[in-house]
Amino acid sequence: MYIKKIKDENIGPIKEVNINFPFNDDGTPKPIIFVGENGSGKSMLLSNIVDALYEIAGNGFDDAWHVTVNGGHEYYKSIKSSQISIGKEYMYSHILFDDNKPINYVLKAGKLTVSDFKERSKYEKSISWKEDEKYKNVDTSKEDSQEIFEKNVICYFGPDRYEKPSWMGEHYYTLEEYEHVSIKERFAGHLANPISIKNVTAPNLQWLMDIIVDSRADIAGSVGNLKVVHETVNNLLLLGKTRSNLEKIMSTILGKEVYFGLNWRSHGGSRFNIKLKSDDSVVVPSLDSLSTGQIALFNIFSTIVRYADNYNLNHSINLDQISGIVIIDEIELHLHTTLQRETIPHIMKLFPKVQFVITTHAPLFLLGMEEAFANEKYEIFQMPNGEKIDVESFSEFQKAYTYFKETQTFTKEIANAINSKNIKPLLITEGSTDWKHMKAAYEKLKEKDEFKLMDFEFLEYESKKSENNGLRLEMGESQLCTMCESFAKLKQDRKLIFIADRDCPKTNRTLSDGINAYKRWRNNVYSLILPLPQHREATPEISIEHYYKDCEIKTSVEINGIERRLYMGNEFNSKGINYQADIFCEKRNSCGPNKINILEGTKDERVTKLSDSEEINIALPKSQFANRVLNKEAPFDNFDVSSFETLFKVIKSILDEPME
């Protein structure tokens, strides 16, 4: 059975999606991949498909649904009018399957007549409902349902495949005690292969042990006259093919040729291990010793083989004969980039008759699909519109590529600046304005004997958006922490001192040791957060501007006839309004009586007059404030810098430390 078509309309963010699922000329299904930002409807579209599969299974198996006390059953997905797109009166999903004959799944809510539905979805069979009625149905018989699930692998790997979601009952994950095919008889009406997959390491391992046992021969005779007994060599070779297939999957995941072995029963712990084919050395002592990504990937594909094996032993021997539908939401979960790009696509190619329906945010996985399948062998659809695209058109691919290029440039520029021939200790600040305030303050403080002989320099840089010449970087708290950790791994020829604001608890924990005034890393790398000045003890989450008094922060300057200055959060109520002063701030979450956030004149932080219909920004950018302080422009040239003394005392202590 395969999905042939899906038509969804007005379901959450999905306004209208109409997709004919792709197939190759030989009738085998092409993998189909759904991409798009969070909230674009990818998982919602998949949930309709999974619900359709449960509806089909429910017509043939007693335990596909959980039966309620009143004789009804719980649905995988209930019909909720709240999911109808805002401003619309109805929603529906129509999915067409094909298993030698068409199977239709229909879900509908809201005000929609049958005639309108048929016209919009091109539904051809007889169907009936009241205009306002909630409706869900799948047109398949008990016999058809049982035949579908006995000859097809049908399973769903959700993003919560490692943790049970709160919105699903235990029943959809309940798997009876592992059924050894040779011991237990399969019960009629029992769905042997649950649709939703979760925590399958244990049943997969038990099944894997059975496969290893089946592939081993009984040997009789004496040395020099040994023979296989009780079974033919041909049968053993045939049964060993399943084991070989699984070893091939594991070898692809590990990137080396391996086979499955057994520890001696006296070994203790796991009986199972993984060994190199080349020298029989153990590379993985047990299945639990694999990484989260490796075991996740093995569980996906070994489950496909196990499901096929449960109904037909020949299908686990011949992977290219396994057919069905495998749905994987967020396929990149827990996977290293190598597994995403190189491993998944190559394993998928082992199952040409399986219809893979996948969602992803991972550009590298798409690149791997392009390399393994070529463009005509798979298709990508971008949500919420279901538009067919190629790899390069994937919006998140471009974002990731841009970020990667910027990161490479950032790393190179930082390395060049730090690894200069200068051996003076280097102070590296969180923002492009912080060093300016520190440098301006030190110009005044160095007149004191205590600070006169300090010898250091700042990493002087501007914001990427700045029009000033020189080094331009976009560096915030996360980049500063990452740089500090990275440079501490290698021997530095001069002291590197990383300094951050103290307005981010996570950064505070990373760059301070909680006891001393600064943190000593390794290899001449140090870090600290801004020491707290006395006048800010009641509001400790400060940035560099808070070293000044409030009246200094609010120093104004006329620019193009407009009086502009920095503002503080406590000048506004929690809605960003100060009626008395006739001002409004766009960044409302930084406003309120107890907040001292610095509000500047950049995007989304503008301050305007309530009475100004033109909404002219009257806030001063932090960069302009810092430049005027550094350049000693009146009236910014006479600020009190006494709060900076504690900071430079800490820096002096670091400078006095011996070099490693």
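Modeller: This is a predicted model. The lining of the second largest cavity divides into five nonpolar, five polar and two charged residues.

Colleague: Which helix gives the most to the lining of the second largest cavity?

Modeller: Helix 6, with three residues. Helix 6 (292-311) and helix 3 (142-151) each supply at least two.

Colleague: Why is this space called a cavity and not a pocket?

Modeller: The term cavity applies because a 1.4 Å probe fits there but cannot get out, whereas a pocket is open. About 50 Å³ of space lies in the second largest cavity.

Colleague: How many cavities does the count give?

Modeller: Two, with a threshold of 30 Å³ or more.

Colleague: What kinds of residue line the largest cavity?

Modeller: Six are nonpolar, none is polar and three are charged. The lining consists of Ala440, Lys444, Tyr548, Val629, Lys632, Phe636, Asp637, Phe639 and Val641. Lys and Asp count as charged, so Lys444, Lys632 and Asp637 make up the charged part.

Colleague: How do you know that Lys549 and Asp640 form a salt bridge?

Modeller: Their side chains meet at 3.3 Å, N to O. The cut-off is 4 Å from a Lys or Arg nitrogen to an Asp or Glu carboxyl oxygen, so the pair qualifies. This bridge links distant parts of the chain, 91 residues apart: Lys549 is in the loop between strand 21 (525-529) and helix 14 (550-553), and Asp640 in the loop between helix 15 (622-630) and helix 16 (644-655).

Colleague: Are those two partners buried, partly exposed or exposed?

Modeller: Lys549 has a relative accessible area of 30%, and Asp640 has 32%. Buried means under 20% and exposed over 50%, so both residues are partly exposed.

Colleague: Which residues do salt bridges with shared partners join into one network?

Modeller: Asp51, Glu55 and Lys136. The structure holds 28 salt bridges.

Colleague: What makes Arg120 and Glu9 a salt bridge, and where do they lie?

Modeller: The N to O distance is 2.6 Å, which is within the 4 Å limit. Arg120 is in helix 2 (residues 114-121) and Glu9 in strand 1 (residues 2-11), 111 residues apart. Arg120 is partly exposed because its relative accessibility is 34%, while Glu9 counts as buried at 4%.

Colleague: How far apart in the chain are Glu247 and Arg243?

Modeller: Four residues, about one turn of helix 5 (residues 233-254).

Colleague: Why is Met91 called buried?

Modeller: Met91 has 1% relative accessibility, and the label applies under 20%, so Met91 is buried. Met91 is found in strand 4 (residues 90-98). Beyond its neighbours within four places in sequence, its contacts include Glu9, Ile79, Ile84 and Leu107. The C-alpha atoms of Met91 and Lys111 are separated by 8.4 Å.

Terms used. Residues are numbered from 1 along each chain as its sequence is written. This is a predicted model: local features need pLDDT of at least 70, side-chain atom pairs count only at pLDDT 80 or more; totals for chains, interfaces and linings use all residues. Side-chain values use heavy atoms; hydrogens and water are left out. Buried means under 20% relative accessible area, exposed over 50%, partly exposed in between (1.4 Å probe, protein chains only). Contact means heavy atoms within 4.5 Å. On a 1 Å grid over the protein atoms alone, a cavity is a set of points where a 1.4 Å probe fits but cannot get out, and a pocket is an open set with protein on both sides within 12 Å along at least five of seven lines; lining residues have an atom within 4 Å of a point. Grid points are joined across faces, edges and corners, and a volume is the space filled by probe spheres set on the points.
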